[in-house]
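Look over the sequence and the structure below. Then read on for a short report.

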2 protein chains.
Amino acid sequence: MKRVTSRLLSAAVGLVMATATQADEGMWMPSQLPSIGKPLLAAGYKGNPADLADLTKAPLSAVVKVGGATGAFVSNDGLVLTNHHVAFGIIQYNSNAQRDLIQDGFVSHQRGKELPANPDSRLRVTTGFDKVTERILGAAHGKTGRAYFDAIDVASKALVAECEREPGMRCSVVNMFYGRDFYLVTQLELRDVRLVYAPPRAIGNYGDEVDNFVWPRHAGDFTVLRAYVGPDGKPADFAKENVPYHPPAYLKIAREGVREGDFVMLAGYPGITYRHRTAAEFADQVEWRLPTTVQVMQQLQQVIEEAGRDDRQAAIRYASQLQSLKNGIKRFSGELEGLKRSDAVATRRKDEDAMLAWLGGQSSAAVLRPPIDQVSQLIAAGNATRERDLLLGLLQTQTQLMRSALILQRFAYERGKPDPQRESGYQRRDEDLAAGMLRQVQRRYDPAVEKQLLATLLTRYQQLPDAQRLPEFDDAFGRTPAELTARLDRVYASTRLGEEAQRLSWLTAEPAAVEHADDALLALVARLQPALLRIDDERKAREGDLLRLRPAYMETLITYREKQGRAVYPDANSTLRVSYGKVSPLKARDAVSYDPVTTTAGIVEKNTGVVPFDAPRPLLDAIARSDYGDYADAKSGAMPVDFLSNLDTTGGNSGSPVLNARGELVGLNFDSNWEAVSASWMFDPRYKRAIHVDLRYMRWLMDKVYPAPELLKELGVPASEHR
Amino acid sequence: MKRVTSRLLSAAVGLVMATATQADEGMWMPSQLPSIGKPLLAAGYKGNPADLADLTKAPLSAVVKVGGATGAFVSNDGLVLTNHHVAFGIIQYNSNAQRDLIQDGFVSHQRGKELPANPDSRLRVTTGFDKVTERILGAAHGKTGRAYFDAIDVASKALVAECEREPGMRCSVVNMFYGRDFYLVTQLELRDVRLVYAPPRAIGNYGDEVDNFVWPRHAGDFTVLRAYVGPDGKPADFAKENVPYHPPAYLKIAREGVREGDFVMLAGYPGITYRHRTAAEFADQVEWRLPTTVQVMQQLQQVIEEAGRDDRQAAIRYASQLQSLKNGIKRFSGELEGLKRSDAVATRRKDEDAMLAWLGGQSSAAVLRPPIDQVSQLIAAGNATRERDLLLGLLQTQTQLMRSALILQRFAYERGKPDPQRESGYQRRDEDLAAGMLRQVQRRYDPAVEKQLLATLLTRYQQLPDAQRLPEFDDAFGRTPAELTARLDRVYASTRLGEEAQRLSWLTAEPAAVEHADDALLALVARLQPALLRIDDERKAREGDLLRLRPAYMETLITYREKQGRAVYPDANSTLRVSYGKVSPLKARDAVSYDPVTTTAGIVEKNTGVVPFDAPRPLLDAIARSDYGDYADAKSGAMPVDFLSNLDTTGGNSGSPVLNARGELVGLNFDSNWEAVSASWMFDPRYKRAIHVDLRYMRWLMDKVYPAPELLKELGVPASEHR
């Protein structure tokens, strides 16, 4: 059946993508925008593409990183607009039984009343983006494998340390096109962040999990923060005497809204995509990785659900893990469904075959083809142990006591080295986090359930062919399910890692003492550790070679696309990117069409009075009054809430400002549709959509429902009675 | 909240209904069609409205009643087209382990191979529809209450007996406009029905319960039957020598399909609607009856679910009752949701108020107003005991042993009278059905569950005010939950009605023996019976008066509507009706739009390979080949499956032929959308839609997927290669 669907759809995809790609797909580095100025202007942009080239200059310098997401400066006095769900930690931090800002929302009517965020809140403003390819690859030239990997690691750490010598700066080295280009990103880190305006949860997160990934959507997912600095204008921790930060630039809020077909663009920090992976990697993802991961996760889900049926205590302890397994299963199934729907594997394969055929006729073929073939061999080599690696990965994330033992032994091993040479995640600065994890074990652990989870994973492991199994593991767990069960029973019956004090004490114990501990579980893991270190080493050697060789693949792809008249953007890697497109409806299924703008009527339709569809009374009253001023759509009279575009986004784009053709702020990105879950691998223009709060809805709420006239004035869009 | 929605929507409803009613709403008696010829022609009908006036003449004489649903003759040799779900019993009857027609479908390639239906299958062709108001009401004039009711009952029974003297005829007396007009319906009853063509279940019922009430839909819900008669041309039981029946008329299948906006009309036997009920009855339905019924049914659902959690046997025995409670809850909740969405109560109230105000200024007011006021009083009187009556109704339908005892005692009581005077349902001809019910008890009964169901209903009963309670019931069940439980325990511990032979023997025992039986449950019910007979008598007296007085209300409504330029159709009552409208999309919710035509692409999208989305391989292969001949839409190239119209339908319209502007057959009605569940009370043109199989899909299946060229030829639409 699936093959049938695929065959039917592939023709359509090919057709649409060939004509639409340049206008729809792309997470562009700002420096690339002048080179795609022609399609950008053709799509409707009214500004000068050259103005968008430098992310340290206006308007892109108004875009900020808010934790793992995005936001934007919207006033000269440091107001920042981001999502309610992005600022949720700050709202929660300021809430308590007496003052429930989650439930009630928050409006500050004067600066002195703005509420300090949790002390670890950070806003980052990019102040430098410098190409450092030669400095990073200089020492790597001529090396291969693990040595190539380490040379890059050392050079990057050195550059970052040098850069962070300036106080208040956070630096990082990122690579573009899988190792072809390296950049040093310099960011000013603002540490005094305050809460200015938040709608109640039932507006900001209207629909919650039920509406997650759903269009049509009706959430007012926005919050206003303000950045403060010390009286000297430098980043500072919270202090009464701090003053508002004056950003290098801020975005102007549009007076008009958007309609279907209007040009929009978006800037933000998308996390990670895999679109330029090879056809073999696409096939691995669709044909093996996603279905297998879902299958194993479902086995684990079943273990937990069965255990919880008779044991309420176990059900409670594993509720969070169960929830996360379910989310993962849903997410991966959605990705699989989407990639099949788009016939991603065949499409990518056809594209790659055509590229390689074209390369054969080029003079560069003799240079580029061998490394491309080596990339394929490296990927195949990595895949040779993929079943084992998946199971070991789950062993480390889906257990509590086993994970604790693995962490403790690895810490003991790394603590034998000077701190800078310790593995990331096991450095001195990571010890607090590890202690926190070790403390949480108690609330999430039940020995019977953990043993069943381990038995599930390791029984699968025992069935792997010899080449994938590890002598240390065979030794430790035996070769039959009966042996496995007996050993797990024995180890779990005697280990004392179930006691919190025990676990914490091993974190600071002498490395040798941990390695030779007489605790049964620590001793078991000590026997496994050589195998795990060996796997780690092999992985890094492979990654080093991939960093060395993949650029040839990317080079070929870029030149091939150029010939097709298409530019190539690097896969997302949490750096600032720009995408452009238009306000777009969605034809999700046969005979089902979604308009690109939702209205307040939909809030009333969805409302049940019960969480998550429990819109607050003031909102319902305002809707009943149709008191929309000039925020409503002039033609239809309807009050917009959210809108949909075909902008290219992924996780990390939450809170990204959405701009109109004149570069004015019209929306705030906050989610994408279910059909677009697979866009991390393939952008299918038929289904990829991004979901935005319409700023007219935000302004209406701030004007008529939970009024903040001072704020609207500062935002340059005064409330009706103040104009 | 609800009030808010309502207020917002009512303006829109008023607006749409005022302009659209005549084109969209209406289940017209054929004799009414000439009087609405103008709007009918304006809507696009190309024929002569006068030709539709007589349901005993072509084309309406081609419409047949198939059980409780509809079908149509489609060839001169008696082929009948109806729904797969309507003919399901016939398909099931012909299926066994060796020949599974449900799973595989059926194609007869020659007449001798057509399969006889179950012997109780019936097709009815209406041959007479005569106004008999005077003959029915003659003896009732001057009477009131129970006497008025009985006079109508006696006159009707006499007319029917006289009419059925002709062999092969079935007759009934129906009333229109709630007692204003009476008609004698004469139907020729065909008893030899044969199966000619049925698609596999996975086509005919693709989507099953999941897609029930759902648009977009992708079912090929059709089946072809053939009517046979004896060699003398008269109705006969199945016999080898029987010959195809030549119907008085048959419908021609259209060569072209329909598109959005095209005129369509439909004829069939809609079951029951309540649209001309009074505003007080609307309020009772929305404010009390639907929410209370749902609430009590949910209590019963909970009892069954809880019992089934620990007791697999009980879970199995009550699975069917649970399913039916859930369906009822879903259905009633949907009706409630829809009536609230349409603000039905306020709209109806406003309409009625305006009507009464207008009446006040008329000379007829002095005549018509008093009976209208009496109608309101009668409705109010009936409502005074509505809680009790609801609970007693559920007591009789949601139990097994209690119900058996109630049926046995009532039969014993009725068997003391001459057969024609026995209550309908308790006459001699009903005894087989009763015995069948009594036999099934075993498979659906568990004493613990039944006692809990009774306790739930009767505890609610005990809490009713004195005026609603019955001395006999208080006496039998006590006044406190503790008394109730003790008595139920005692009765259920000793009754022998749990044994099938016992139950059946009481059905034929001497009436006096039953009345004085020493079985605890029969004895208990014997104590209740006087109360139940009294309630029955009160109900009939009220119904008699309503039949006497409601015509004044209808008279006023009809005249008032005339003044508004609108004709009035009688509420549906299982008689032949015609509705007309157009192929219409549906805007179901904010930002959600449904196209009015689905395509085969949607079958592939929905297909999971698992029931109910397990389209057969030959269908999927044919879709993959896009081998659509000229059945596909010429413009889009897509192959249509089902389509949506705004035709006015209700239960009973299943299998109704859908005709185009030239009176040719283009579709087959089979369901309506979820948003239209409330249309039995109010037709809201924004949401009321009917779902039809597109006959192009049927023809394509018969031509390319499960070929039946002979049949297509007989249908006048030969397969491509035979033209």
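## Chain A: elements and size

How many helices and strands are there in chain A? There are 26 helices and 20 strands. Helices (H or I, at least four residues) and strands (E, at least two) are DSSP runs, numbered from the N terminus. Chain A has a radius of gyration of 27 Å, close to the 27 Å that the globule rule gives for 723 residues, so it is as compact as a globular protein of that length. That radius is taken over C-alpha atoms, and the rule is 2.2 Å times the number of residues to the power 0.38. The C-alpha trace spans about 75 × 70 × 60 Å along its principal axes.

This is a predicted model: local features need pLDDT of at least 70, side-chain atom pairs count only at pLDDT 80 or more, and totals for chains, interfaces and linings use all residues. Residues are numbered from 1 along each chain as its sequence is written, chains are lettered from A and ligands numbered from 1 in the order in which they are written, and side-chain values use heavy atoms, with hydrogens and water left out.

## Chain A: inside

Of the 723 residues in chain A, 58% are buried (under 20% relative accessible area, 1.4 Å probe, protein chains only). Take contacts (heavy atoms within 4.5 Å) between residues at least 6 apart in sequence: 77% join residues at least 24 apart.

## Chain B: one helix

Helix α15 of chain B covers residues 401-414. Its 14 residues should span 20 Å at 1.5 Å a residue, and its end C-alpha atoms are 20 Å apart, which agrees. Twelve of the 14 residues of α15(B) are buried, including L401(B), F411(B) and E414(B).

How values were computed. Buried < 20%, exposed > 50% of the residue type's maximum accessible area, 1.4 Å probe, protein only. Expected span 1.5 Å × (residues − 1).
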